[in-house]
Amino acid sequence: MQDKLAIGVDVGGSHIVSAAVNLNTFEILPKTTFSVKINNKASKDVILKDWSMAINKTIESASMYDKANIGFAIPGPFNYSKGIAMFEGGNDKYESLYKVSIPDELPNYINSDKVNLRFLNDATSFGVGVSTQGKAKNYKRVIVVTLGTGFGSAFIKDGVPQVNTKEVPKGGCLWDKPFKSGISDDYFSTRWCIDRYHGLSSELVKGVKEIAEANNDYSKTVFNEFGSNMTEFMIPFIKKFQPGIIVMGGNISKASHLFLPSFENKLQKAGLKVDFEISTLMEDAAIIGSAKLFDPIFWGLIKDDLPDL
């Protein structure tokens, strides 16, 4: 049974979530999901100890003391093939883990006799998860975008992330691609929404939820521009990859009813027909996607494409 279980871990900036996944059904085992708040400015040892708190609770609940295969959905910059964190001062998170080998350090805190670790970008893990368990599993080609603190993305074909093919942008990601006066991450993130709303209204808000709840002319302008900008940016990638569906996740996606009409309208004018899904799987998708790293067939398809920075 142990070989049919893997632990999926979703590493966020403020908390970590861990759960055991059945690799036959790709369903999360009941009562194995645990979350722990994280101070990402803490020391290396404190962070790794806090990560292990959630993982050890999952190990205990799933009785994985003999062997724990653990897949991580973790944001970049990160050396995914070797498991080395590359967070520097400019990333404003986990700086104490810079150049730390997670496979060398973290097992010291894990309550299992044999620990195996594998790593995948968090947005890619989310994409794999929704393509395994969500509506997107019925589509051959899927583009996934996560909209929150940053702009995450993944291109999925037949359930497998595409990284080094001619159909996808370099690295299989969109966040760093040029757009207007910067890169796309500057425009499709919480900070853009906050800054744009402040520029229009002179009001300072903490997040997108407040902008959506304001429901005024300023907020409508923000979301219309957000949707219009996103279409303008994504049309070339959509034309090249030809997805059947675009799946959205992340906190900004909760306000999709305010920006999706603008997005869809411009897509139609460009002659593109694509289905949409706002994923309700949220963290569960990233957990399922990262645990799937221990599915032998899936691992064989992606292991040589993992970025090593």
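**Entry 1: helix H1**

Which strands and which helix do the buried residues of H1 pack against? I looked this up in a predicted model. The partners are strand S1 (5–11), strand S2 (15–22), strand S4 (34–37), strand S5 (67–74) and helix H2 (102–105).

I then listed the buried residues themselves. They are Ile47, Leu48, Asp50, Trp51, Ser52, Ala54, Ile55, Asn56, Thr58, Ile59 and Ala62. I kept one general point in mind while reading that list: an α-helix has 3.6 residues a turn, so residues three or four places apart point the same way.

Next I checked the length of H1, which covers residues 44–62. At 1.5 Å a residue, its 19 residues should span 27 Å, and the end C-alpha atoms are 27 Å apart, so the two values agree. I also noted a bend of about 25° at Met53. Directly after H1, Ser63 has a positive phi of about 50°.

Is Glu27 buried, partly exposed or exposed? Its relative accessibility is 47%, so I put Glu27 down as partly exposed, the buried class being under 20% and the exposed class over 50%. Glu27 belongs to strand S3 (residues 27–28). Setting aside neighbours within four places in sequence, I found Glu27 in contact with Ala20, Val21, Asn22 and Gln133.

I also took a distance from Glu27 to Lys44. They are 17 residues apart along the chain, and their C-alpha atoms are separated by 32 Å.

Phe26 sits in the loop between S2 and S3. Phe26 is buried, at a relative accessible area of 13%. Its phi is near 55°, a positive value in a residue other than glycine.

Which two residues does a cis peptide bond join? They are Gly76 and Pro77, with omega about 5°. I placed Pro77 in the loop between S5 and strand S6 (78–79).

Asp158 is not a glycine, yet I read a positive phi of about 55° for it. Asp158 is in the loop between strand S10 (151–157) and strand S11 (160–161).

**Entry 2: H3 and H8**

At what angle do the axes of H3 and H8 cross? For helix H3 (residues 122–133) and helix H8 (residues 283–291) I have roughly 90°, with the axes coming within 6 Å. The two helices are therefore roughly perpendicular to each other. From H3, the residues that meet H8 are Asp122, Ser125, Phe126, Val128, Gly129, Val130, Thr132 and Gln133. From H8 they are Ala285, Ala286, Ile288, Gly289 and Ser290.

**Entry 3: H6 with H7**

I took helix H6 (residues 217–241) and helix H7 (residues 256–269) next, whose axes come within 7 Å and cross at roughly 40°. That angle makes H6 oblique to H7. The crossing is right-handed. On the H6 side the contact residues are Phe223, Asn224, Phe226, Gly227, Ser228, Met230, Thr231, Glu232, Met234, Ile235 and Ile238. On the H7 side they are Leu258, Phe259, Ser262, Phe263, Lys266 and Leu267.

I then looked at Leu260, which is found in H7. Leu260 counts as buried at 11% relative accessibility. What does Leu260 contact, leaving aside its neighbours within four places in sequence? The contacts are Met248, Phe276 and Ile278.

**Entry 4: H6 with H4**

Helix H4 (residues 190–201) packs with H6 at an angle of about 135°, the axes being 9 Å apart. H4 is thus oblique to H6. I recorded the crossing of H4 and H6 as right-handed. H4 contributes Trp192, Cys193, Arg196, Tyr197, Leu200 and Ser201 to the contact. H6 contributes Tyr218, Ser219, Thr221, Val222, Glu225, Phe226 and Asn229.

I finished with Asn229, a residue of H6. Is Asn229 buried or exposed? Asn229 is buried, with a relative accessible area of 8%. Not counting residues up to four places away in sequence, Asn229 touches Phe179, Lys180, Tyr187, Phe188 and Trp192.

Note on methods
Residues numbered from 1 in each chain as written. Predicted model: local features only at pLDDT ≥ 70, side-chain atom pairs only at ≥ 80, totals over all residues. Heavy atoms only, no water. Helix = DSSP H or I, 4+ residues; strand = E, 2+ residues; numbered from the N terminus. Expected span 1.5 Å × (residues − 1). Bend = angle between axes of the 7 residues up to and from the residue. Buried < 20%, exposed > 50% of the residue type's maximum accessible area, 1.4 Å probe, protein only. Contact = heavy atoms within 4.5 Å. Axes fitted to C-alpha atoms, helices over the stretch in contact; angles between N-to-C directions. Parallel < 35°, antiparallel > 145°, perpendicular 65-115°, else oblique. Left-handed = near helix turned anticlockwise from the far one by under 90°.
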